[in-house]
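Please look through the model below before reading my comments. They are meant to be checked against the coordinates.

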Amino acid sequence: MALEFSAEREREFQEVVARYPDRQAALIPVLYLADREFGFLSPEAMEYVARRLDLPLTRVVNTASFYTMLRKRQTGRFHIQVCVNVACHLRGADGLLRHLERRLGISPGEITPDGLFSLEGVQCLAACGNAPALQVNYEYHEGMTEEAVDRLIDRLRAEAAPKGGEATRE
Amino acid sequence: MSDGGKTPSRGHLLRCGPGEAILDLRLHETMGGFQALRKALAMDPPRVVEEVRKAGIRGRGGAGFPAGVKWGFLPKDDGRPRYLVINADEGEPCTFKDRYFIEQDPFPLLEGILISAWAIQAHRVYIYVRGEFQKGIRTLEKAIADLRRAGYLGRTVAGRPFALDVFVHPGAGAYICGEESALLESLEGKAGRPRNKPPFPASVGLWGCPTIINNVETMACVRLALLHGAEAFLAMGRPGDGGPKVYGLSGQVKRPGLYEGPMGVTLRTLIMDWGGGTLGDRPIKGIIPGGTSTPVLGPEHLDVPMDFDSMKAAGSMLGTAAATVFTDDTCPVGVLLRIARFYAHESCGQCTPCRDGTGWLERIVEAIEHGEGRPGDCERLLSAARMITGNTICALGDAAAFPVISFVNRFRQDFEDHIAAHRCPFGAV
């Protein structure tokens, strides 16, 4: 099935392209749109972006492969990124990451079998004054403790549970 | 000029405390907002450049290059469009000041951008924001839309005919894009690999056009310099290094966070007075004074003023003035391992000494920390680091090598103890 932007994404696409005097400059913002629309940047998604911006596919792949935030594979519905750089390391980030591994039963780079969570150790998130820090889908959670992480996971599970039903899995 | 006393000042650069924000344009106006812009718009653009030069604003992205001098490198008008690009790709580990402006107080940053665009006669501005700052990107986009509605952007700026547009451009998770020529490559939609210089961006920058790239805090300083006048701004700092400064404090201290003071407060004031000293009042083992690329210092440096020249004289760099402190119960090899891992991960791979060298540094430090170090590893680290410095297109190679050299020299005994004991004496696994 051919990929296509939804009407809203199409509107964002037109708006983004108008910001630059050069088509390729819109590539990273448009790759973000494709990531959001199609879940991640599959080869088909990159072909679609190349066609929409009238760029050679190799140029799209070359750019997409350079940047870690342009996802080349699926992540969990809640992608948890724990800072493991110096400032967070000095405030217990290693323990926090290990706690999350135990709690979710996955290692960094993996997705829980129910598809809800994925986990990753990442570099400095510029939250050093309130370390240790993590992001869930790029939303900050700072000054974290193991208890706060447990509450966060419980809340995210509840958020994902079908209305009026039990949590999907425990 | 003085140390600024024991109480941090607030209000010039840091208007909000933790958890506070000024996101309403009208509120910014009632706090003296846009007065500096109106002053600037009443002046000829070259006079604004001169004012910024006289204020002694040194680039707050870490390099400390005088902003007014940089602006002076723009060629005479030759018909090519000029661009102003704001480097909001804050990624140097232990640095967290620009995020404050972007998320909590965007209008002084944007007002500084408007003034600077007028000064250098750029009609288009791109703010390159680190991709992880999703909230900050939304905040800036809303603030820019508010500016447009209020008549500060578009065909006129605050009533003065001057076409100006400001756009937010998201980064995508590559530290190297904080290097200004890599940032331009990234803005053009390419992989962020630094360009050879010369030519410098002021003459050949974005799409081959004259481009000025400035840091976020620098923009907030431009606004202050116009608001208070160059002389008053300069007097708030050190000779030739003007203004108030945002200081970061992190690591094993009682009160980490952002503080504002005059340029040149001592490490002691920041760490002991404002930060309340170390956790458990333990002795300080190391101080990384301005982001992980700056050489590590020790407790004997507590009385060094934090300004560009004094930190250099002490054998380190001011960098982003974001001090990270660790105490005597922390393994310095473990700290260096996090740093070495970072630069190995973030090397763009363009220059062999950096691409291969950063990997060697990481693997040797990792081996030492995990009890697999061999006699002679310290020499191997120093020699590999020295083969990187000065041999790469951009400064990432130096940034990776400096901490290795300074950690090995300062904590040599700790490294040798790891190697001799075949384990980490601090109990790290």
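The points below go from the basis of the model to chain B as a whole, then to one helix and the domains.

1. Basis. This is a predicted model, in which local features need pLDDT of at least 70 and side-chain atom pairs count only at pLDDT 80 or more, while totals for chains, interfaces and linings use all residues. Residues are numbered from 1 along each chain as its sequence is written, chains are lettered from A and ligands numbered from 1 in the order in which they are written, and side-chain values use heavy atoms, with hydrogens and water left out.

2. Overall dimensions of chain B. The radius of gyration is 22 Å, which agrees with the value near 22 Å for a compact globule of 429 residues. That radius is taken over C-alpha atoms, and the globule rule is 2.2 Å times the number of residues to the power 0.38. Along the principal axes, the C-alpha atoms fill a box of roughly 70 × 45 × 35 Å.

3. Make-up of chain B. It has 17 helices and nine strands; these are DSSP runs numbered from the N terminus, helices being H or I of at least four residues and strands E of at least two. Of the contacts between residues at least 6 apart in sequence, 71% join residues at least 24 apart, a contact being heavy atoms within 4.5 Å.

4. Helix H8 of chain B. This helix covers residues 180–187, and seven of its eight residues are buried. Among them are Leu183(B), Leu184(B), Glu185(B) and Leu187(B). What do the buried residues of H8(B) pack against? The partners are helix H2 (27–38) of chain A and, in chain B, strands E1 (83–88), E2 (124–129), E4 (160–170) and E5 (211–215). After H8(B) comes Gly189(B), with a positive phi near 90°.

5. Domains of chain B. The assignment gives domain 1 (25–235), domain 2 (244–327) and domain 3 (332–421); such bounds come from an automatic or database domain assignment. The C-alpha centres of domains 2 and 3 of chain B are 23 Å apart. Between these two domains, 13 residues of domain 2 are in contact with 12 residues of domain 3.

6. Domains of chain A. Chain A is divided into domain 1 (7–66) and domain 2 (78–160). Their centres, taken over C-alpha atoms, are separated by 29 Å.

Definitions and conventions:
Buried < 20%, exposed > 50% of the residue type's maximum accessible area, 1.4 Å probe, protein only.
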